Amino acid sequence: MRIKRIEVDGFKSYAQKQVIDGFDATFNAITGLNGSGKSNILDSICFVLGITNLTQVRATQLQDLVYKQGQAGVTKATVSITFDNTDDSNKPLGYDRYDEIVVRRQVIIGGRNTYTINGTAATNQRVADLFRSVGLNGDLQRLNFSEAAEQELENERLQLEREVGRLKDELQHFEARHPNLRFIYQDPRSGFDRNAVKGLVAKLIRMKEMRDALAVEIAAGVLSHREPPREIEA
């Protein structure tokens with residue numbers, strides 16, 4: 001049994017109905033800018049799975065999961081998850097004949113909390129038994145998710161982006177100061193097979209004397225022997 005479709009309506013940052021589908025059977029990733037609601041998608045899954053420790057979804061009571069806690073005219077939060085149930089080796093007990101299972105949970109400001117399974121009202125215990133029979137629960141730790149770890153990775157990504165930008169600037173400044181040191185490889189002819197090249201193609205060397213460096217440049221055709229000597233850095 002795997003997730004096929006998620007519908008959220010009035011849940012946390014999702015004031016209006018949003019549908020998330022197109023899930024892959026083996027791997028899925030949630031991406032987006034900070035504050036775009038990535039964590040709330042995971043929270044919605046845990047909400048349906050029956051999370052008991054609400055602090056793991058940054059809430060103290062169920063009505064905290066309603067968009068702006070009901071202060072913006074939205075009075076209920078609803079999440080429906082459609083599960084693909086075609087895998088005969090992982091079907092929940094009592095649901096063998098269903099190819100899809102839709103579990104819907106709704107919480108209303110004031111404390112009302114309801115579940116349905118395929119449109120039929122269900123108790124919290126029945127839903128818990130359904131998920132437990134296939135090894136699922138709403139514990140974020142079991143899902144290997146940590147908001148702190150997510151933020152740490154985001155900070156690391158931003159730091160790496162800044163470092164890449166700094167290195168690009170350094171490279172541009174270096175190339176501007178030493179235009180003749182740029183190495184640009186071009187195929188000798190159209191359709192050249194690069195896989196046919198074996199061994200070392202080029203090697204950078206350090207010259208101790210400027211006159212030797214000038215001689216190498218002239219031999220390589222970079223300078224004409226008529227050009228005046230110029231200062232270069234070894």
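Student: How many bridges join strand 3 to strand 4, and how do the two run?
Tutor: Nine bridges join strand 3 to strand 4 (residues 100-108), and the two run antiparallel. Strands here are DSSP runs of E with at least two residues, and helices are runs of H or I with at least four, both numbered from the N terminus. Two strands pair if DSSP finds at least two bridges between them.

Student: Before we go on, where does the model come from?
Tutor: It is a predicted model: local features need pLDDT of at least 70, side-chain atom pairs count only at pLDDT 80 or more, and totals for chains, interfaces and linings use all residues. Residues are numbered from 1 along each chain as its sequence is written, and side-chain values use heavy atoms, with hydrogens and water left out.

Student: OK, back to the strands. Which residue in strand 4 is the bridge partner of S80?
Tutor: R104 is the strand 4 partner of S80. I81 stands opposite V103 in strand 4.

Student: And what joins strand 1 to strand 3?
Tutor: Seven bridges do, and strand 1 (residues 2-9) runs antiparallel to strand 3. One example is I3, whose bridge partner in strand 3 is F83.

Student: Is strand 3 mostly covered or mostly open?
Tutor: Mostly covered: strand 3 (residues 76-84) has eight of its nine residues buried. Buried means under 20% relative accessible area, exposed means over 50%, and partly exposed is in between (1.4 Å probe, protein chains only).

Student: What is the order of the strands in the sheet?
Tutor: The six strands go 2-1-3-4-5-6 in an open sheet with antiparallel pairing. Strand 2 (18-21) and strand 6 (120-122) are the edges, each pairing on one side only. From one strand to the next, the twist averages 20°.

Student: What holds strands of a sheet together in general?
Tutor: Backbone hydrogen bonds pair them, either parallel or antiparallel.

Student: New topic: helices. Which strands does helix 1 lie across?
Tutor: Helix 1 lies across strand 1, strand 2, strand 3, strand 4 and strand 5 (112-117), at about 80° to strand 3. Axes are lines fitted to C-alpha atoms, for helices over the stretch in contact, and angles run from 0 to 180 degrees between N-to-C directions. Contact means heavy atoms within 4.5 Å.

Student: And helix 2? What angle does it make with strand 5?
Tutor: About 45°; helix 2 (residues 124-132) lies across strand 3, strand 4, strand 5 and strand 6.

Student: Is helix 1 buried or exposed?
Tutor: Helix 1 is mostly covered, with 11 of its 12 residues buried. Among them are K38, D43 and F47. Just after helix 1, G50 takes a positive phi of about 100°.

Student: Last topic: how many salt bridges are there?
Tutor: The count is 13 salt bridges. A salt bridge is a side-chain nitrogen of Lys or Arg within 4 Å of a carboxyl oxygen of Asp or Glu.

Student: Which residues are linked in a network?
Tutor: R5, E7, K17 and D21 are linked by salt bridges. Between E7 and R5, the closest N and O atoms are 2.9 Å apart. R5 is partly exposed, at 28% relative accessible area.

Student: What about K91 and D88?
Tutor: Their side chains meet in a salt bridge, 3.5 Å from N to O. K91 is buried at 17%, whereas D88 is exposed at 66%.

Student: And R194 with D187? What is the N to O distance?
Tutor: It is 3.0 Å, again a salt bridge. R194 is exposed at 52%, and D187 is partly exposed at 32%.
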